[in-house]
Number of protein chains: 2
Amino acid sequence: MKRMKLILIWCLLVAGFFGNAAAQSKHPSIMLTAKNVAAVRQGIKQYPLLQSSFNDVEAAADEALRLPIEVPVPKDGGGGYTHEQHKRNYQNILACGVAYQITRDARYAAYVEDILLNYAGRYEKWPLHPKRKENHPAGRIFWQNLNDCVWQVYVIQGYDHVYDYLTPAKRKIIEEKLFSPIVKFFTVDTYDVFNRIHNHGTWSVAAVGITGYVMNRPEWAEMALRGSGKDGKTGYLMQLNQLFSPDGYYNEGPYYQRYALLPFIVFARAVQQYQPQLKIFEHRNGVLAKAIHTCLQLTYTNGSFFPFNDAIKDKTFESEELVYGVDIAYADIQAAADLLDVAKQQKRVIISDAGLKVAADIHAGKSKPFVYKPTWIKDGNEGNKGGVGILRTGPNADQQCIVFKAASQGMGHGHFDRLNFLYYDNGGEVITDYGSARFINIETKSGGDYLPENKSWAKQTIAHNTVVVDKTSHFNGNVDSGELYHPNLVYFSPRADMQIVSATEENAYSGVKLMRTMGLVTMAGFEKPLMIDVFKVSSETAHDYDLPFWYAGHITNAPLKMNTNKTRLEPLGSDNGYQHIWLNATGTATGTGSVTFLNNKRFYTNSFLADSSTRINFVTLGANDPNFNLRSEKGFILSPPKKKSHTFISLVESHGKTNPVAETTSGFTGSIRSIKMITDRDDSTVFEFEANGKTHRVSLQYGDKDKFFTLSGGR
Amino acid sequence: MKRMKLILIWCLLVAGFFGNAAAQSKHPSIMLTAKNVAAVRQGIKQYPLLQSSFNDVEAAADEALRLPIEVPVPKDGGGGYTHEQHKRNYQNILACGVAYQITRDARYAAYVEDILLNYAGRYEKWPLHPKRKENHPAGRIFWQNLNDCVWQVYVIQGYDHVYDYLTPAKRKIIEEKLFSPIVKFFTVDTYDVFNRIHNHGTWSVAAVGITGYVMNRPEWAEMALRGSGKDGKTGYLMQLNQLFSPDGYYNEGPYYQRYALLPFIVFARAVQQYQPQLKIFEHRNGVLAKAIHTCLQLTYTNGSFFPFNDAIKDKTFESEELVYGVDIAYADIQAAADLLDVAKQQKRVIISDAGLKVAADIHAGKSKPFVYKPTWIKDGNEGNKGGVGILRTGPNADQQCIVFKAASQGMGHGHFDRLNFLYYDNGGEVITDYGSARFINIETKSGGDYLPENKSWAKQTIAHNTVVVDKTSHFNGNVDSGELYHPNLVYFSPRADMQIVSATEENAYSGVKLMRTMGLVTMAGFEKPLMIDVFKVSSETAHDYDLPFWYAGHITNAPLKMNTNKTRLEPLGSDNGYQHIWLNATGTATGTGSVTFLNNKRFYTNSFLADSSTRINFVTLGANDPNFNLRSEKGFILSPPKKKSHTFISLVESHGKTNPVAETTSGFTGSIRSIKMITDRDDSTVFEFEANGKTHRVSLQYGDKDKFFTLSGGR
């Protein structure tokens, strides 16, 4: 019924397209439109951010003019010469297109004409890329089909900019010898990618769809929107329906959410221009706007994306995708003043209708600090497959943040890290996630692709701050099994002084239930809110349970009975990632243990419940790494003796400071002493600890939303 | 004869002191003087830097007023509560003194009165500090005598500021019960420190001398200047003569030079105020000005001091000593415009006559970029004990810098690192020095003092980028032996495009001559100047020679035949620092080897001459480290087979870049191939290498100043 209705609406809308397309035949027509070019030209003189952004584009365009055109026969993989040259070419084509529109200097348009004719004369001769990989759809310009699609998304915009400059004869050559074959390549030869509900599919449909609009080929736009079968089973709209949760979360995680956004946004803008009657920005309750906002909420205050799942760690919201995202979200969807703060930090706008508005409003002083919120972001296209909990306190200049990952597997780029967490403070990562094992585009590192250690280490459970059962990764490291299940949210409270998130995972191990509750709690007597972590593991049979904490910093105190491997290191295990960990030392505590480390001039103490039979293994990453692919990360792992059920309690304080220039230090010891379990049942956990001479009691009532978390005693 | 003359001059000068002291009886009288208070008060309103600097002082003073006065019985070591409280107290006393002079708010003066009376009522009851260490002169307020002296240098200035506020009766109590006993403690009880030619002695004489001026006790000032015996054999003037080289180099190295400077400068300013006829700033050809300028030349462009010898690595010229140094150097010695650039980077001035002038001139736009110069800085009080060679190219925003250490031992804080080098580029360290093994003021790390690993690791030769013979440190790790000898300069050329430094060390090992020549050479076809390193080791008998390169970054390429210790690590040796190194892998090359690593988004390739019997050991620091005291540094060590003589040739390129936000990479491989030794004799070394299809020849003629270094072929 719902489907019938959709088809009906669709028919009406397609009818509209043809009519409208004629009305919209002026070029350029996507990010920067003919009717706004004069205003943007004027804005470049008035608004500093637009001016500096255009200066960058113009400099890139001038650099392109300065060098001879090079269109090499595709040969190299990621990072290699031909790869980088074709990448530069698409950037140059767009830069010169924009520069032409703004300056009307014909040299820029001539460059685009020349290079496109050059490609048109050669493209059809190129076979599938020689560096293509098995099980990876190949491109013809690049080793991956994906990169060819990205190329076309940029290039078609450059073409749109110089459309009016080109003679009909030249357009004919370029369209017939280059763009039509490319569209055929995408829609026919690599039909599977085009019809995949996946970010690679989005790049493919965006490339074809925008090309359809610019070349006035409505059938291509229709295929892009509704799939090759034009039945809505695949294509852009279905991708919007399925790839994001109702909260706009993309299930591969923030790094790929960012990457996936660009074609979604640029194509949405094109749809809005050519088929405004589709109301694409309102589609599915405005899911695209939510996706942009959620992507920003998935960053720390330094702009870095939370690096869970496969992720390059230095990636920030300064990346181009988010510049597009923020500009469009502000100008075309909703003008939220705090987006301007992000735009300022991005230090650029797209030279476009949207960029004009953003730069003008920043210039008018409308910017407000970006509002980071404690939030639960639902995963799953119906919002029922777990999610990501984010707890935050403090101002943007010094924010504490806990990221709790209880999302679904995230397909091939997902890690086996159910109920993992990351902890940020003081501008950076403190308890960390490895991200992916990859040196992107550095050809000497496995061609710039994911390294073998991405699978053998980065995806494995032990690489994360969550429980490993019997030294085996969640779902035995099997993606397909992981895709079948998801964690479930138990409780979330964003109350400012007592932020709590709790979730369960019952399928990562057969017969073992994992339940983790984390809090960020403001308490008298503590310099900063206290992180509270209660990880309950229950089973009918006895298991080994390991809970690692991977920290950034240098240990300044670990008052444990310590047995150090001073003259010989061996790996902690032989597989599931353990083969990559050197065991440096093993400590034991009596009741309560603690580890204090110094990170960026501030101290952190993790105090944990540990009886004398619990081993605290201090480890360094780097074993079985013949190619120096792994970073030397450090961690400690809590390992109680084999048992049926166990509850880990860890309390992390942020305290004190050092100033190496002034050589002053304060507060180098934590204040928590004597953690004691009072009662621990299926439906509740109650424990006490001492701090600053007072006893504090924490009570967790898992079945009672009203008394889920209570703190008593000390305050 | 010279001595007689000095005594004569001295007698004349002392006569002048009494007369002048009366004329100078107005308080305050040291950094901020009575006649300038009104101008400084006015300047605070006019000059932003003076204003923000005063705001900081005032905020500190207000914070002092807000809290109850605490003068605890001395109990804790460095970093502990009583240590930090007494440190805060002296800072508060000076801050409140200054705040009183500027604002005339009597509450600040009352604070100083109260706390000084409090100290006066308790000081004489305090015995030697309970945490004092054997062979370390004790203090009474602090565990080290040194800290007591520092305390007094600050406190006497605070007293000077409120002198006129205090009644004569109060002054009498404070002077008789606090300052006089302190002076007695310094000059009598710890006579040895007071009369030592050492930076601890400087703090002691400065404390006593300034106290003498402020309290009008000329005999104390005289003792401070000329030693307890008033014979000039010890005391401040002799320290000025002996502790600095004619170039103003302090032989413990930059970290301690900075530290030593403060009492030298503050006391010099006091001498200038009270005994201007001594022309203290002109003493020994203006050695104090040279010391300040040399201290600045001993920093990289990020402000960090070169961390050779015992040094805390995060220390920069923002440290207070250099704020004093720059202000006084500019205002009282010579107004060099580039000092204002440093003052701007320090972001503060001292609220003083000098600070006023600096802030005013910055406000007037007189600042010029600090001029970093390639330079040879002579060591030894006669300038004949080796020195430090600094090669520099490029603008301050992206400077390449080689620091070549051919200085003398540097007493107890010296490391066994003859002919060591450090390499900086792109804003930071690339080939590194460990600095000291110390977490200053963090009591849980050996009381904040030097760690045991400072001796067992940081001082050892293998911790540095220089040759180790037979796995034994220079001078067998014996300071006294090291003090007997020094390297000798062979050649230095600061020519902009071909900077060269060469020196020998013939005594570090019996029967082994070390000679190292380093260059920073601008060459066509290279993105950045090439670092050339030729290390010649000669002996009549066969030895093991190890040359380590400790690098910061991550290896991206090491095209060697590699044998990796994948599942078991063992230390590389059992003593001389080798016991702290894990051996990760051993590589071999055929003729020319190379290692490329990525550091701060730029690539570095070290290409070296290595036949197939040379082992290249890849190592990580951290063995035999039961208390997690060592950082995980990484290095590789070139180890040719045992032989009589050997010449290491290493060429380091800086190339390419990565941009993780834009995900672009270029130039990830170095360009040097096929290094070949052509001839290698006692008096010359000639070698060739290929780069970018050209053959380049380097010729070193050690005995020929005119043809010392020539490059031919490629360019």
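Which residue follows H16(A), and near what value is its phi? Gly365(A) comes after that helix, with a positive phi near 75°. Before we go on, a word on conventions: residues are numbered from 1 along each chain as its sequence is written, while chains are lettered from A and ligands numbered from 1 in the order in which they are written. The model is predicted, so local features need pLDDT of at least 70 and side-chain atom pairs count only at pLDDT 80 or more, though totals for chains, interfaces and linings use all residues.

Let's stay with H16, which spans residues 353–363 of chain A. Helices (H or I, at least four residues) and strands (E, at least two) are DSSP runs, numbered from the N terminus. Nine of the eleven residues of H16(A) are buried (20 or more other C-beta atoms within 10 Å of a residue's own, C-beta atoms being placed from the backbone). Among them are Leu356(A), Val358(A) and Ile362(A), and also the charged-class Asp353(A) and Lys357(A). The cover includes helices H2 (37–46), H3 (48–66), H14 (320–333) and H15 (337–346) of chain A.

Now for the two chains together. In chain B, 47 residues are in contact with 47 residues of chain A (C-beta atoms, placed from the backbone, within 7 Å). Strand E12 (554–557) of chain B is one of the elements giving two or more residues to this side, and E12(B) gives the most, with four.

How are the copies related?

Technical notes:
Contact = placed C-beta atoms within 7 Å. Buried ≥ 20, exposed ≤ 12 C-beta atoms within 10 Å, placed from the backbone.
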